[in-house]
Amino acid sequence: MSGNIELLNTTLAAAKAEDRAALIAYLPAGFPTVDGGIEAVKAVIAGGADVVEVGLPHSDPVLDGPVIQTADDIALRGGVRIADVMRTVREAYEATRVPILVMTYWNPIDRYGVERFTAELAEAGGAGCILPDLPVQESALWREHADKHGLATVFVVAPSSQDARLATITAAGSGFVYAASLMGVTGTRASVGAQAQELVGRTRATTDLPVCVGLGVSNAGQAGEVAGFADGVIVGSAFVKAMLDAPDEAAGLDAVRSLAGELAQGVRKR
């Protein structure tokens, strides 16, 4: 079975055709439980997310700030496994027909096996992977199998990336480019900053891929600001915090559905 890179491509193109940015939501698998995590993905889609990134919880994240680290710890202590990540992708995709990607560090894939991971993700209906710590020059094996199985390979660029480096990264990627709005880890912030707009401009000069901005967006106003210059707005910590702060799972699902609705309005008021 082929993965859903084409669904991802058409979804992002449809948002552009509507003269708006796409809303991309991030939630970790297995948080607060595997079943609860699946329902949370469905809830952000019901609220208006166009694309969802399902995080593969990791014990030593390099990009994730304290909010996502807390959720990952809950998921790991709950015994989450790669099979649960695949189940999350499968059930969310089958229920919504929205493109679902996995965001993961490289080590779990390397240990699991690249061929096995890509085959299972494609079979689950996944659209691709975001790989924040996989160097492009070491990505040939991954890209070979991802291409074979119809999966996008999304790389992360940062404000520190030089123009030549940006060109190398974007030439190897597919689906979209993940532009980290600032140096540092994930988390909600009072301001997304001018660095993000400059990075998007420099990245667009190297590629026709959509450029989507993450790190720091937490409300409709910020989403609208970023939507003014980016093809997609990526929100993670704000959704996870809404789940963490809720008194119970049902309230958490209501909170992320409501937040997705506000953010979806924000990306339409660019």
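**Close-up views of a predicted model**

In this predicted model, the protein chain averages a pLDDT of 92, and 93% of the residues score at least 70. pLDDT is the predictor's confidence in each residue, from 0 to 100. Over residues 183–190 the pLDDT is below 50. Beyond near neighbours in sequence, this stretch still has 31 contacts in the model (contact: heavy atoms within 4.5 Å). Where pLDDT is low, predicted coordinates should not be read in detail.

Residues are numbered from 1 along each chain as its sequence is written, and side-chain values use heavy atoms, with hydrogens and water left out. Local features need pLDDT of at least 70, side-chain atom pairs count only at pLDDT 80 or more, and totals for chains, interfaces and linings use all residues.

View 1. Strands (E, at least two residues) and helices (H or I, at least four) are DSSP runs, numbered from the N terminus. Two strands pair if DSSP finds at least two bridges between them.

**View 2. Strand 4 (residues 128–130) pairs with strand 5 in the parallel sense.** The pairing runs over 3 bridges. Cys129 has Thr153 of strand 5 as its bridge partner.

**View 3. Strand 1 (residues 22–28) is mostly covered.** Of its 7 residues, 7 are buried. Buried means under 20% relative accessible area, exposed over 50%, and partly exposed in between (1.4 Å probe, protein chains only). One face carries Ala22, Ile24, Tyr26 and Pro28, while the other carries Leu23, Ala25 and Leu27.

**View 4. Strand 1 pairs with strand 9 (residues 232–235) and with strand 2 (residues 51–55).** Both pairings are parallel, over 4 bridges with strand 9 and 5 with strand 2. Ile24 stands opposite Ile234 in strand 9. Leu27 has Val54 of strand 2 as its bridge partner. From strand 1 the chain crosses through helix 2 (residues 34–47) to strand 2 in a right-handed β-α-β crossover. Right-handed means that, with the strands pointing away from the viewer, the path from the first strand over the helix to the second runs clockwise.

**View 5. Helix 4 (residues 82–96) has 15 residues.** Its buried residues include Ile82, Val85, Val89 and Tyr93. The buried residues pack against several elements, among them helix 1 (5–17), strand 3 (100–103) and helix 5 (106–112). Just after helix 4, Arg97 takes a positive phi of about 60 degrees.

Methods
Expected span 1.5 Å × (residues − 1).
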